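Hi everyone, thanks for coming.

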Amino acid sequence: MSDRYSFSLTTFSPSGKLVQIEYALNAVAQGVTSIGIKATNGIVIATEKKTASPLIDDTSLEKVANVCPNIGIVYSGMGPDFRVLLAKARKAAQKYKRIYNEYPTTGMLVKDVASVMQEFTQSGGVRPFGVSLLIAGYDETGPVLYQVDPSGSYWAWKASAIGKNMINAKTFLEKRYNDDIEIEDAVHTSILTLKEGFEGQMTEHSIEIGIIGGGTTGFTEGKEQPLFRKLSPSEVRDYLANIS
Amino acid sequence: MSSRGASTGYDRHITIFSPEGRLYQVEYAFKAISNSGITSVGIRGKDSVVIVTQKKIPDKLLDPSTISHMFKLSPYVGCVMTGLIADARAQVTRARQEAAEFNYKFGYEIHTDMLAKRVANINQVYTQHAAMRPLGVSMILIGYDDERGPQLFKCDPAGYYVGYKATAAGAKQQEALNYLEKKLKKDPVLDFEETVELAINTLSSVLSADFKPTEIEVAIVTEADPKFRTLSTAEIEVHLQRIVEKD
């Protein structure tokens, strides 16, 4: 059905820039803010769930998602593009597990996802993904937080923000972050950071928070280890009550 | 130092990013839906889901029984298509294929949200691959889920999909959504007849018209009868009568 374009749409400008990637980053910057904070005993990732209308059933929309039991993911940018990457990430994790009978380390999974994103900046007839991802995982090396950009480049962060309010959010985080922060504090800080740029009323239905660690352990792959889970609306409500 | 955000001009012709990070082709696809001149509405009640759309016969010589924007995708999931009818048929055919394949592979009927996700993922591919343009249609899916009750989803050319309590698509989409937001603000519990009434009244209100039974199409799924079906003209007449009597 598809006649593939055999040439790349992302090409160098005379100044040496890949403008399609820059434009993709602009698309991300229009997306709602997401935060990730690494603590000594876990990681928290959070985002605003901005629904355009009260008619939307917000239980059908999941922005913070799990990739495998010990890795969670959140995005800023174009929702449909995220769905594709989430499916590819989950498949990559299962593919690894099938061969080695254990889930990949966060670093390995991030490499897989990032290389997919890079392919779409070079392959024929496709555009880059309009999302930045925050991937949080807990493996033998401890908790680790990665950010992946539309270009396919990735770095590990202690704390990061992506999306609309990222500059202010990162300034806020720089002030509040210290290397000994614990997961409870990290959740608290992430909510405060989101609140900085939040338009409207912040309720347990308008933000999504996922954590790894902090006592959530589960038995998987024959050993007890921290698992990724999303906070329930009542837990989020408790945190929100504490900050006001 | 390069010039600020100069596009090559192709960003309006294929789905690549514009300097501001927009996809013009996707935005134009949305315009094509508004230009179709038809508005559709979907409402989820307590134990039923209803979709309603206008039935416009542009030429008296056309056979009205062949003109429909309501489609059954599987015995328990159906949809109303708004936009370019040719694109609509293409998407419906594909959705029917996906539903049938699912049933063949897994031995049970596909759920509404899964089919919606599949359609939305296919739409996303068109927004990313330059070789295929996005389709100029919005699909409002309905179905009855035995675990979660009545379901209403909408899939648009951007590849976006989400569940709704009520939604609209087409020419008067925004007016219909405003009307629905007002009516559903207090979270009323709607039984089947109230749901049908609200759907028909929404269309009447935003189009400032009283409908004859041949001027609208209605399709439903209910808890009592979870099979997707379209109402006959006689059944629509009954609902319209009840609305008139209420005034």
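Before we start, one term: two strands are said to pair if DSSP finds at least two bridges between them. Please also keep in mind that this is a predicted model.

With that term in hand, let's go to the place where the chains meet. Strand S3(A) and strand S7 of chain B, residues 161-164, pair in the antiparallel sense over two bridges.

Now let's step back to the whole interface. How many residues of chain A are in contact with chain B? There are 33 of them, and they touch 39 residues of chain B. Between them, the two chains bury about 2,900 Å², with 59% of that on carbon and sulfur atoms. On the chain A side, Leu55(A), Arg83(A) and Arg127(A) lose the most area to chain B, and together they account for 27% of what that side buries.

What about polar links? The rule finds 16 residue pairs in polar contact across the interface of chain A and chain B, both residues being at pLDDT 80 or more. Which parts of chain A supply the residues that touch chain B? Helix H1 (19-29), strand S3 (56-57) and helix H2 (79-100) of chain A each supply at least two. H1(A) gives the most, with five residues. Sorted by class, this side of chain A has 17 nonpolar, nine polar and seven charged residues.

The rule also finds one salt bridge across this interface. The side chains of Arg44(B) and Asp57(A) meet there, at 2.8 Å from N to O.

Next, let's move to chain B and its sheet. This is an open sheet of five strands, in the order S8-S1-S2-S9-S10, with antiparallel pairing. Strand S8 (166-170) and strand S10 (229-230) of chain B are the edge strands, each pairing on one side only. Further in, strand S2 of chain B, residues 48-54, pairs with S9(B) in the antiparallel sense over seven bridges. One example to look for is Val50(B), whose bridge partner in S9(B) is Ile220(B).

Now over to one residue in chain A. Asp139(A) lies in strand S6 of chain A, residues 131-139. Is Asp139(A) buried or exposed? With a relative accessible area of 10%, Asp139(A) is buried, because buried means under 20%. A polar atom of the Asp139(A) side chain lies 2.9 Å from the backbone nitrogen of Thr106(A). The side chains of Asp139(A) and Thr141(A) are joined by a polar contact of 2.4 Å. Leaving aside neighbours within four places in sequence, Asp139(A) is in contact with Asn70(A), Thr105(A), Thr106(A) and Val144(A).

Let's finish with two backbone angles. Most residues other than glycine have a negative phi. Asn101(A) is not a glycine, yet its phi is positive, about 60 degrees. Asn101(A) sits in the loop between H2 and helix H3 (106-119) of chain A, and is exposed, with a relative accessible area of 59%. In chain B, Ser208(B) also has a positive phi, near 45 degrees. Where is Ser208(B)? Look in the loop between helix H5 (192-207) and strand S9 (216-222) of chain B. Ser208(B) is exposed, with a relative accessible area of 67%.

Terms used. Residues numbered from 1 in each chain as written. Chains lettered and ligands numbered in written order. Predicted model: local features only at pLDDT ≥ 70, side-chain atom pairs only at ≥ 80, totals over all residues. Heavy atoms only, no water. Contact = heavy atoms within 4.5 Å. Buried area = accessible area lost by both parts, 1.4 Å probe. Salt bridge = Lys/Arg side-chain N within 4 Å of Asp/Glu carboxyl O. Polar contact = N/O pair within 3.5 Å; in protein donor to acceptor, adjacent residues only side chain to side chain. Helix = DSSP H or I, 4+ residues; strand = E, 2+ residues; numbered from the N terminus. Nonpolar A, V, L, I, M, F, W, Y, C, P; charged D, E, K, R; others polar. Buried < 20%, exposed > 50% of the residue type's maximum accessible area, 1.4 Å probe, protein only.
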